[in-house]
Amino acid sequence: MNERELFLSALELSDTIARQSYLRSACGDDLELMRRVETLLAAHEQTGEFLDAPVAEQLATAQADSQTTAQASAPASATAAGLDSSRPRPRSAKTEATTGEFPKAGDAGRDGSEFFAACPPNWLQPSSRADSIGRLGQYEILEVVGQGGFGTVLKAFDTKLQRVVAIKVLNPELAAMSPARKRFLREARAAAAIRHENVVSIYAVEESPLPHLVMEYVPGETLQHRLDNQGPLSVGDVLRLGKQIADGLAAAHAGQLIHRDVKPANILLETGVDDHVKITDFGLARTANDASLTQSGTIAGTPSYMAPEQALGLKLDQRADLFSLGSVLYQMLTGRPPFRAANALAILRRVTEDVPRPMQDIIPDIPDWLCQIVGRLHEKKPENRFASAREVSELLARCQSELQASGNVVAIGPVDTRVQPSKKTSARRGFGVIAKLAVATAGVLVLAATLWLMPVLRLIWHGQASVDFLNRSGETRVEFFADGQLVDTQVGYGEVDLPAGNYELRVHHPDPKLRIYDVALIRLDWLHRPHQVNLSSPPQNLRLRAGDRVQLMVAYVEKETTEPLPSIDTGVDDRSLLAVADPLLTDQWVELFNGEDLSGWETHPEETGSWHVENGLMTAAGSPGYLFTTRDDFTDFHLRCDVRINAGGDSGIIARVPFERPTKNGLPGYEAQLQAGTVLAAGWQTGAIAVSQRDRGWRMLQPSSLAIEPDNWVTLEFIAIGNRMETRLSGQLIATHVDPQQLFARGRIALQHSASGTRVQFRRVEVRLPAKPHSGEGE
Amino acid sequence: MTEVTNILSKIREGDGAAADQLLPLVYDELRKLAALKMSLEHPGQTIEATALVHEAYLRLVDGNEHRNWDSRGHFFAAAATAMRRILVDNARRKKRVKHGGDFQRLASDNVELAAPEIREDLVALDLALDRLKSIDPAAVELVQLRYFAGLSIAEAAAVLGVSPRSADRLWAYGRAWLRTELSESEDR
């Protein structure tokens, strides 16, 4: 294996120890190579935005940013007050104001001089403290820490309670406007009711001399500052901080308060052992709106984080904050806000109309499940988002613990509040186990089985989910475990209702002669395109969306079955059944398809399917069904056909079948499997030999791992002599099998079209038969 | 039939050498377009690489060829290489200006892409890409399409004719390789 292959294989292993041991065994003595791959892996893990933003995009962003700061500093900072330490904290304001005098007009800038200049005289009392600007009631004003469109934030010392506080003072020109003044006070009083560790506490709301509120002083920096300095955060940090933001919002929402301006500049990170989130400026965005009306007539704040309904001026509820939370998470993960444009109006249009650029385009390592969560928060319609901040918080907490426990989040199911009535029916059918999960909303499933004989599928499902469960084997039992307790068992065909929880699915088959060859979890999207994860390949996420169908499939082989031949191998022909067939069969090929119509063929009246002749090709695409030869006495034969099949298509040639209505078990007989792409569990590629029995369903007799090109003509041969079978592709042996039971001796040949997403076409179908046609009769 | 359409159809017919003729034409067009944009657009507006490449494509290739995905792929691959040259040359010039040299040339060159702060050192990246090309040319193509021509991973995957997942993996490798190479050359 070369360096790239080693790197990519190691990357599939999420665990560092597993990676190391893998590299040790794969590199052997080549320590140089091992060191090299380890360096690459370390470079890969390194955070930062290296190469993530196309160079032209960086140029455009740099331009746009410099413009925004130059032209729009007022609206951009309108609500950014809080304790926004991303701004410099000049101390100049206090130097000459120890007696309560105001800095001279003309000391323009962020030091609060304009604010002080506009304040009524004597609103601050002289102070005796050397480091104080002045006194406001019991508070010694120490310095100006932030300046926004509607208020100024001062750091102060509470002389009564002997603690440092922050005071937000409404700007004097707003204080002069009665509605703005009233709204500021009303919102501030509502916000004062919230007591939560992730919300900046408001200690007091005062009306005079200027309306102001006294709040907790949070040492630290804003999330905006953190992102500006450090770029994107790790997934672990995003989950941890994101959960705290959601907690703070949940507390506010519980008090019927909407924040309206959730953004990185309003999220304070308190320094400590681990930084701790404190959300500030609850409800003050509306005051900011009043502020902007007095100023420029533009929309207040940074619309980049606004919910669409907010941008459109519609009625808001708490879910508007969830949209903004989605934007904040997006920025934490990618380092940039999701909706960017040259001016505020263009941003608003993007917020209401556009889907943000996929985060994985920017940083490919962001896990799918996290993209799903952000995507759900970013739903344009509030009703499609999560229902509450509490729900988001719980989800993020679960992800966090999963990440800590296993090193990666195995699966996030949808949070679905729609509970579907349980409807359990039982219909014994057969072909491994098929579970259809009715997916109501987005989610992720993963196959994380490690035990070969009894695979355990881990399924983490959040919220209520109705699982449409189809067991087509009749004998395979699937058990659902939650926290080690068996909660449900399925051996039939029906639905399983799974409340929120972590599940393990265990698969058993009572026949000790069978072993599980592979388990596949397959999602079919609305175009019937298959997406799957397999037990036989390293764990991957499978993304689920509304309208998808999910099937769980187990492929069994008899234990003594040999491993599949890895590829076409010209050296194996001495084992071929042709040596037996050639002397037995004539050299005459008999056409089974005349190239014009389906004479010589028929479909079962109860399941006619979609077989027809199209441009000289025998074609099936649409409703499933089998096409039978009218001739019903095939025993030994050598069939060959030219066939092509679409990606994801599943078809086959079944030998020695009776003329009966196909069931979910298909038809009893031997099958030469035909498929392109990987639709099924491993081993079910073209040329695999399988058997189906009425009560037992499909079982693989000889697997094949040969993937054929979709939509390309191939020549498939199927030879059956007595109890021996063989498949060949393009003249080469694929699989050969001896059935000691000889389950099927005589019958029709049928062409399979078993799934509606399949399009299969046959160009030539011909057989050669024993010299004396009915010599095998009565055996 | 335009010259580029003609070359594209030659490439499709299996004339490997024709691809070499594509690059200078695409390069010229992109430079011209970039210069034109800079003179027409409002100050502060910058060139969007992807938009530029699309526009060059529309200008250089006959309409009836537009539906041919193979042609698009070849064109985009050439355009990505051209964008790399333009941007790297530009960065190289900036470097020289910083060090006081070659002012004359800068002044006479009307294709001036504003380049405030690019995170990556384009000149070093260019050299690293040359080295990577001898090891893994596909990874270089992907990096060019993604980083220089501004295509998304999915679009780049389509141009390269690989699955998005393969492209993701190739991207991970290429990025890690380049990052290692750049940090090692810094250490030296």
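**A buried proline and its surroundings**

Analyst: P662(A) counts as buried because 23 C-beta neighbours lie inside 10 Å, where 20 or more are needed. Please keep in mind that this is a predicted model, and that every value below is computed from it.

As for its place in the chain, P662(A) sits in the loop that runs between β28 (650–657) and β29 (669–675) of chain A. Leaving aside residues up to four places away in sequence, P662(A) touches H604(A), E607(A), Y626(A) and L667(A). Another residue to look for is Q752(A), which is 90 residues away from P662(A) in sequence, while the C-alpha atoms of the two are 10.0 Å apart in space.

The setting for this residue is chain A as a whole, whose secondary structure comes to 19 helices and 36 strands. Of its 779 residues, 50% are buried, and among contacts in chain A with a separation of 6 or more, 71% are between residues 24 or more positions apart.

As a general point, strands of a sheet pair through backbone hydrogen bonds, and they do so either parallel or antiparallel. Strand β3 (residues 151–158) of chain A runs antiparallel to β4(A), and 8 bridges join the two. Within this pair, L154(A) stands opposite I167(A) of β4(A). The two strands form a hairpin with 4 residues between them, and in this hairpin Q162(A) takes a positive phi near 55 degrees. β4(A) also pairs with strand β6 (residues 212–216) of chain A, again in the antiparallel sense, over 5 bridges, and here V165(A) has E216(A) in β6(A) as its bridge partner.

Another group of strands in chain A forms an open sheet of 3 strands in the order β7-β8-β9, with antiparallel pairing. The edge strands of this sheet are β7 (220–222) and β9 (276–279) of chain A, each of which pairs on one side only. On average, neighbouring strands in the sheet are turned by 30 degrees against each other, when direction is ignored. Strand β8 (residues 267–270) of chain A pairs with β9(A) in the antiparallel sense over 4 bridges, and L268(A) has K278(A) in β9(A) as its bridge partner. A helix accompanies these strands: α11 (residues 235–254) of chain A lies across β8 and β9 of chain A, and it runs at about 35 degrees to β9(A).

Helices also pack against one another, and two packed helices are described by the angle between their axes and the distance between the axes. In chain A, helix α1 (residues 3–12) and helix α3 (residues 31–45) have axes that come within 10 Å and cross at roughly 55 degrees. α1(A) and α3(A) are therefore oblique to each other, and their crossing is right-handed. On the α1(A) side the residues that meet the partner helix are E3(A), L6(A), F7(A), A10(A) and L11(A), while α3(A) brings L33(A), R36(A), V37(A), L40(A), L41(A) and H44(A). Sorted by class, the residues of this contact between α1(A) and α3(A) are 8 nonpolar, 1 polar and 2 charged.

One pair to look at is helix α7 (residues 137–148) and helix α8 (residues 153–160) of chain B, which pack at an angle of about 135 degrees with their axes 9 Å apart. α7(B) and α8(B) are therefore oblique to each other, and α7(B) passes α8(B) in a right-handed crossing. Their contact is made by A138(B), E141(B), L142(B), L145(B) and R146(B) of α7(B) together with I153(B), A156(B), V159(B) and L160(B) of α8(B). By class, the contact of α7(B) with α8(B) has 7 nonpolar, no polar and 2 charged residues.

Technical notes: Residues numbered from 1 in each chain as written. Chains lettered and ligands numbered in written order. Predicted model: local features only at pLDDT ≥ 70, side-chain atom pairs only at ≥ 80, totals over all residues. Pairing = 2+ DSSP bridges. Axes fitted to C-alpha atoms, helices over the stretch in contact; angles between N-to-C directions. Contact = placed C-beta atoms within 7 Å. Parallel < 35°, antiparallel > 145°, perpendicular 65-115°, else oblique. Left-handed = near helix turned anticlockwise from the far one by under 90°. Nonpolar A, V, L, I, M, F, W, Y, C, P; charged D, E, K, R; others polar. Buried ≥ 20, exposed ≤ 12 C-beta atoms within 10 Å, placed from the backbone.
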